[in-house]
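Subject: Structure handover

Hello,

Here is the structure I promised to pass on. Please open it next to this email. My notes follow below.

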Amino acid sequence: MMNRPDHNARGAGALVACLALALALSGCGAACAAKGPRAGQIVVDPGNPAWLIYHDRGPFFLAGPGDPEGFLYRGDLKADGTRKGDQRKLIRKLAKTGANSIYLMAVRSHGGDGHWTENPFVDHDPAKGLNPAVLKQWERWFRLMDRKGIVIFFIFYDDGTLIWNTGRSVGAEERAFVRALVDRFERFRHLIWVVAEEYDETYEPERISRIAAEIRAADGRRHPIAVHKRSGIDFAEFADDPHLDQFAIQYNTDRVDELHEGMLLAAEEARGRYNLNLAEAAGWGGGAEARKKSWAVAMAGAYVMAYQQDIAGTPLSDLRDSGRLVRFMESTDFHRMTSRNDLARADTAYVLARPGRSCIAYAAEGRGKLGVADLHAGTYRLRWHDVATGREVVRKNVELAAGEHAWERPAGFGGEVALYLERLDADR
């Protein structure tokens, strides 16, 4: 890593003054506290924190690239600190596909994985405060992302990054830094704040909780707040933290079944208190392999971001696979379902169910029937979805007796298929 010496001890007063000015220039400040979410903004489902929703609209599903981490710093560095890069090109490529995330970081210097210039400060020096030109450029990119429905997965600190060595507390400089960024960007609807990547490499849990509290206090729009860990599915240190809504998981296995089982265990531990996002898993691959992993994660009750899909080198077909997953899930009531693999019959591998009302059955392979047990009697709508192509076939007003049923796949459908059953005569 190429990092300049830390500037923890000098220029504190100047930094606070600069960041206070940034707050004023943002046109927000304390007045934002009373604003509340915007229409169509991503927020935590107040009735079910295990999922996010669009405010006043319906369910939200996150599926897309888990890279490039250095998105904000791609391209040649210009004299004013901005970049001459391909960011707009990447956004436009992604927008064509329906995939809806970019995993990006504000600070990658000071112990992180980036160059010493990869931070938003004047002359890359925290003591000199935030660089207005850099923030203005980020704002233009974020505006385009927001307009295209792409989530700004905004990570404050890369793994290993430590600018202010204040132990478990949040100092005045860090507080001003966090609040200035929140006030600047909180107006965007497709935004998730992430305190740090691999936080446990550098920070104590108490420091993370306090930074999250600062974000919450500054954000009058109530965006979701997440944190990422180095590995595993244990989130016990934050499970009941009122300021953390999402566990951004790193779970490094390249096996589809292990990813599914891992997310099931994570959901069991979460007990609905926070939502899950498989934000990083090594060896993701592409094509059918990546597609099956994404569906395995989704059918376990988690969002999914594909590690090392950097957009620039990612085939459009892989991005479109994520987009189809987003569209399918958001057209269902998945956010009201829970995993019920015990109901799977015939070729069905995984089931999400809302007993008596609806369910999703999924198979990754085979040519046989899809089956589900313990259905309630009623009139159903069956929607078949070919996972690899997006082709759909709908059967309306299907009368089903109570119990177990299985159906032949529509002609021409492949091994990867999903079936959404919706009971039309159920009480809403």
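How much space lies in the second largest pocket? About 180 Å³. A pocket here is an open set of points on a 1 Å grid over the protein atoms alone, where a 1.4 Å probe fits and protein lies on both sides within 12 Å along at least five of seven lines. Its volume is the space filled by probe spheres set on the points, with grid points joined across faces, edges and corners. The second largest pocket is lined by 13 residues, and Val43, Val44, Asp45, Pro46 and Arg222 are the closest to its centre. Lining residues have an atom within 4 Å of a point.

Before the rest, some ground rules. This is a predicted model, so local features need pLDDT of at least 70 and side-chain atom pairs count only at pLDDT 80 or more, while totals for chains, interfaces and linings use all residues. Residues are numbered from 1 along each chain as its sequence is written, and side-chain values use heavy atoms, with hydrogens and water left out.

Back to the pockets. The lining of the second largest pocket divides into seven nonpolar, two polar and four charged residues. For these classes, Ala, Val, Leu, Ile, Met, Phe, Trp, Tyr, Cys and Pro count as nonpolar, Asp, Glu, Lys and Arg as charged, and the others, Gly among them, as polar.

The largest pocket has a volume of about 240 Å³. Its lining has 10 nonpolar, six polar and no charged residues. Ala50, Trp51, Ala267, Met337 and Thr338 lie nearest the centre of this pocket, out of 16 lining residues. α6 (256-270), β12 (275-280) and β14 each supply at least two residues of that lining. α6 gives the most, with three. Helices (H or I, at least four residues) and strands (E, at least two) are DSSP runs, numbered from the N terminus.

Next, the sheets. Strands of a sheet pair through backbone hydrogen bonds, either parallel or antiparallel. Two strands count as paired if DSSP finds at least two bridges between them.

β7 pairs with β8 (residues 151-157) over six bridges. There, Ile102 has Ile152 in β8 as its bridge partner.

A loop runs between β7 (101-107) and α3 (132-147), and Asp125 is found in it. Why does Asp125 count as buried? Because its relative accessibility is 7%, and buried means under 20% relative accessible area (1.4 Å probe, protein chains only). A polar atom of the Asp125 side chain lies 2.9 Å from the backbone nitrogen of Ala127.

The other open sheet is antiparallel, with six strands in the order β14-β16-β17-β22-β19-β20. Its edge strands, β14 (338-339) and β20 (392-400), each pair on one side only. β19 is mostly covered, with eight of its nine residues buried. β19 (residues 378-386) and β22 (residues 417-423) pair over seven bridges. Arg381 stands opposite Glu422, and Arg383 stands opposite Tyr420. β19 also pairs with β20 over seven bridges, where Trp384 partners Val393. These two strands form a hairpin with five residues between them, and Gly390 in the turn has a positive phi of about 85°.

Best wishes

How values were computed. Buried < 20%, exposed > 50% of the residue type's maximum accessible area, 1.4 Å probe, protein only. Polar contact = N/O pair within 3.5 Å; in protein donor to acceptor, adjacent residues only side chain to side chain.
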